[in-house]
Amino acid sequence: MTPLLEVSGVSKRFGGLQAVSDVSFSLGEREILGLIGPNGAGKTTLFNVVNGVYKADKGTIKFAGEDITNRPPNEVVHLGLARTHQIVKPLQDMTVLENVTVGACFGREYLALQPARKVALEVLERVGLAKSAEMSARSLTIAGKKRLEVARALAAHPKLLLLDEVLAGLNPTEITYMIGIVRDIRDSGISVFMIEHVMQAIMSLSDRLVVLSFGQKLAEGHPEEVARDPQVIEAYLGDPDIAEKLKEND
Amino acid sequence: MKRLVLAVFVLVALFVTTGFAQTLTVGFTVSNTGSMNVDSVEQLHGFELWRDQVNAAGGIKAGGKNYKIQFVSYDDESNSKRVQQLYSRLILQDKADFLFSPYSSPLTATAAIVTEQYEKVMLTTGAAEGKTYTLGNHYLFQMFTPGAEYLKGVLDMLKTKDPKAAVAFVYEDSSFSVSVVNPAKAYAQQLGFNVAFSEAYAPNTTDFSAIIDKVIASKSTVLLGGGHYADGSTLARQVYSHKVPLKMVTLLVAPDSPKWGELGDAAVGVIVPSQWEPQTAFKAQYGPSGADFAKAYAGKYNTPPSYESAGGYACGLVLQRAIEQAGGPDTAKVAAALNATDITTFYGRTKFSTAANEHGLQVGHAMVLAQWQKDKSGALVKQVVWPLAAKSANLVYPIH
Amino acid sequence: MSGILASMIDGLLIGSVYGLAAMGLSLIWGVMDVINLTHGAVIALGMFGMYILFAAFPVNAYLLLLPVIAAGLLLGLLIYWIAVHWVIGRSQLSSLLSTFAVNMMIIGIGTAIWSTSPYNVNFTLRGITVGAYTFDGNHLAAAGAAVIIGLALELFLYRTRPGKAIRAVADNREAAELMGISSTMVLALAFAIGIALAASSGALVSTLFPFTILSGAGYQMKSFVVTVLAGLGKPLGALVAGVLLGLLEGAVTPFIAVSWIPLIEFGLFVVVLVAFPKGIFARATA
Amino acid sequence: MILRRPVFWLILVFAALMAFVPLHANNVSMREDLILVAIAIILASNLNLMIGYTGYVNFGHIVFYGLGGYVGLYLATVRSWNLVLAALTAGLVVSLFALALGMGILRLRGAYFALATIGVLQAVQSFVANFDPWGRSTGMYVAFDAYERLGGARHALWTTYFLVIGVMALSMILSLGIKISKFGLGLFAIREDEDAALVLGVNTTVFKAIIYSVSAFLPAVAGALMFYKNGMIDPSIAFEFMLSLEGIVMLMLGGKGTVVGAALGGGLYEKLRSYLLTSPKFSNFQLVIAGGLLLLVVLFAPGGLIGWLYRLVPRARKVIE
């Protein structure tokens, strides 16, 4: 079986900084792949290269059998690859419903306005935002905005969802709720590729993990194997907090 | 009782006089602001002097009635878009009976479209461009000699003084200047002059150094052109400060203004084709003599009249005579009277073309040339130098 | 001396005045991310400031630059408090429109006072004659003054405490605030200096050409062109780019009609903007 | 469905009143005032498509009006075309021009785009001022016999008036239609956050170019009609930067992003302006008052009149779009 997403030899440089260098990995159907690494390791940059926000300097990206290297983000969404942003980007002066309708309208199925609105309502129900549908996006709490990000991406009916730190900044109750949403997404048949700093969560959610450090892939494999990898622990030494957590999980 | 009788008498008298002295409204716009400001206000002074004299004399007497004159005017800001809005307003809201033109050709051309659409008589002054009269109008009458004639006299004069002169045309890219310079260029070539340089500059130009450098490089010896007051005075200043070696400078319109003297040394020697100068003594068949006009004007405004002022006053005179001949203010009759007009006033001869393809074009009036010279006391004065029959001083050539 | 050379020298002289005007726009744009649309109106006020001062004190007009600059600083603080302070941090549209509103008000008041008729500052310095060409004394003096003011600003920005604070805020407002720099004070100061530069360039122009209350608009347009060529927040770059623009004008005018110049300039402006949104000279460091 | 929107019917009633009240009263003076109001509404409504819907400030919007005027006048007089055909062709030509131009300058965002539009306006004006077939800076005139084909000047003026009112109604209906469409939703997404819109699947490049081109069409048609009515055109009145800027003032005043706001702002501003222009006391303060109004709106009521209404009566949002 060919993998859903296949990244091979991707590099990205900004001026003097090699943000991502020669990274390869793949992701299968119905898989949750975690992406971890210290701050500045190039995780978000990798996301941006995968969904076409940045152009790759080298390497190829295949999605569902198609070469999507350097295709613009809007085309990538039509193929079924949606994403959320680490720093949330709600469409501030539009309602929550309108935000999600945008996702449905211009997503994989390119729905007309009326069916898109129906999809949006369903998705809002799924992420628990149905009651806020008519509120303006600006007035949501940070947790609400994180869910809105997920809802918008989900409304596109993607095959693969890239989640960029959807748990960051949430309190424990909200984290539990969001983890439930992610599981639910995978159970509905959507693959997930997620960046996360909340170690406990990513260890328990991911089927496999990819570790980045200084733009290079350090390790890949089952979460427990990765956590034991001395190279990974070494890389996290600059961030003792997380190194500690890694050990706890062991 | 006596008082009551007196009061009734006064009331009746008021009633009778107002009953007899009807009021005619004449509408126009003035450039109180913008690039046409100086010339336009001089024209306005001409209008106002005429109105005051008519009203002081009890109004225009026509068909057994007396008509007093009342003006309605707005500031057009030298902007042709405003002109259309304001002339519509003058016609529709202020119910003007007759119209005078704004100052300058483009403003007049735009106003003419509105007045023609509403079939109102408009006398144009301060607007020499001729194209407007070829558009098929019926109610437009031009007081100024058309632009095509402006520079012919200068070239004729230059032919007698310096047939080998190299001519540079530097002129404003406006309908008036273009209508003057294009025929003049052809005429210069016809007379055998070398046209060494020719370039139009955008209206509102203030920096002429690039063009002046080109004039120098072309080795031209005389310069003809200009446009209106703002650009013309600036051009003359910069020609002077760059010490361009020219034997003659002739500019349109600007040097006719009494304000020209304020330029000091930069003003000396500059020639202007003029519609009228106080020194030109036409024998007036109608209205005041030139001397009387100049005296009345100077008495009111403390400055000698320019040809714009004279044109403004003459405009009123011609309208006054047409109303008298028509026996009242009926538009069709007044237009017919204007079509038949052929008279000489202090301003010279006035006759409008009645040909269908150029109706209203001025065909009677002729130009003179005036030059700024220093008199014996060193003061700057404007002298008539052409035609020779009308001259008040000899041409100074070359200037320096 | 050839016509082209003379034309280029004339271009260079006027170009330095364009550059000075653009420095004000560039400083404000670079430091506070505000496109100051009062720029043109302030340039016009500078012209009338010089006119009024010269009418009252008929000394060497270039000495009167000092009071014009002082008045410009005060005016800058005033405009900052009326229209800019409240919209710092809001969308760029807000500051664009609020400064434009002030521009309309200045032009309106100016029109009420001076109408839109042309005025002159009747002050003439003796020119220099080389062969057939004479270079106007006022142009030479104005170019010199523009360069001196430009260099003074550069010294101020790099050698004085407040100057360094301005550069720090331009670089990174938040970091500067953490270091104890009051960004409000610095922004107000930068805005005031930008306005003073615009006013001084207007004062210089008034000694060269006749002007009306509307004359600033043309120099504002030139300032945009120059600022975009130079890249934002590079005042000295703006001065250099202004001189280059003047040189370019001087170099092409012998070959084409002057009336084509705006098309070339603004065509170039749009193309450069699209091709190098951060300015030609900024590309190396971006 | 647009037919279910109350505002749609409001627009029709409004346009019908604009057309028939001066006709019924045979009041030419009222007609001359109203045609300027209609032009203001056309300019503000179409500008709203860029500023209000897409979040791109176009300082040079008037370039479409002026170019439309030139193309239309050229076709209607020099080439003796039928006026309606000439005006529609002018709209089409100018829209295509905008499409090509938009592909280039819409790569710029925010203030850089705004500046580029000023550059475009200046460059086009300068080109036209040097363009011989269009009469350079002296422009073009309509010969009076051109009006004969529409039954004489008086008749022609009424005809152009009704056409302009039609264009005004179309402008408002277009605004409404886009606002309630999927295309409009995509534009709003671009306005709120262009990067987010792109990632959500909106083809921002194409959307922006299309709306830029669409926003050019009706102003160009209106320009063709208006300059035909005025009988002449020259670069300084066709490409008046001030009018371009006033369009923005109108929009901010009424409330950007709303159909009714754009029209309200356009109508009110024009009324105010012509009052100030002819009032002897205030003619000089027209700019001061307009500028002061704009400043107050920008600082204290960024939503304009309609935004203020929304805050007062939140339910109005549903009806007044």
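**A tour of two interfaces**

Begin by selecting chain D and chain C, across whose interface three residue pairs, both at pLDDT 80 or more, are in polar contact (a pair of N or O atoms within 3.5 Å, where within protein one must be able to donate a hydrogen and the other to accept it, and residues adjacent in sequence count only if both atoms are side-chain atoms). This is a predicted model, in which local features need pLDDT of at least 70 and side-chain atom pairs count only at pLDDT 80 or more, while totals for chains, interfaces and linings use all residues. Residues are numbered from 1 along each chain as its sequence is written, chains are lettered from A in the order in which they are written, and side-chain values use heavy atoms, leaving out hydrogens and water.

Next, select domain 1 (2-145 + 280-358) and domain 2 (149-274 + 367-390) of chain B, whose bounds come from an automatic or database domain assignment. Their C-alpha centres lie 31 Å apart, and 19 residues of domain 1 are in contact with 19 residues of domain 2 (heavy atoms within 4.5 Å). Between these two domains of chain B there are three residue pairs in polar contact, both at pLDDT 80 or more.
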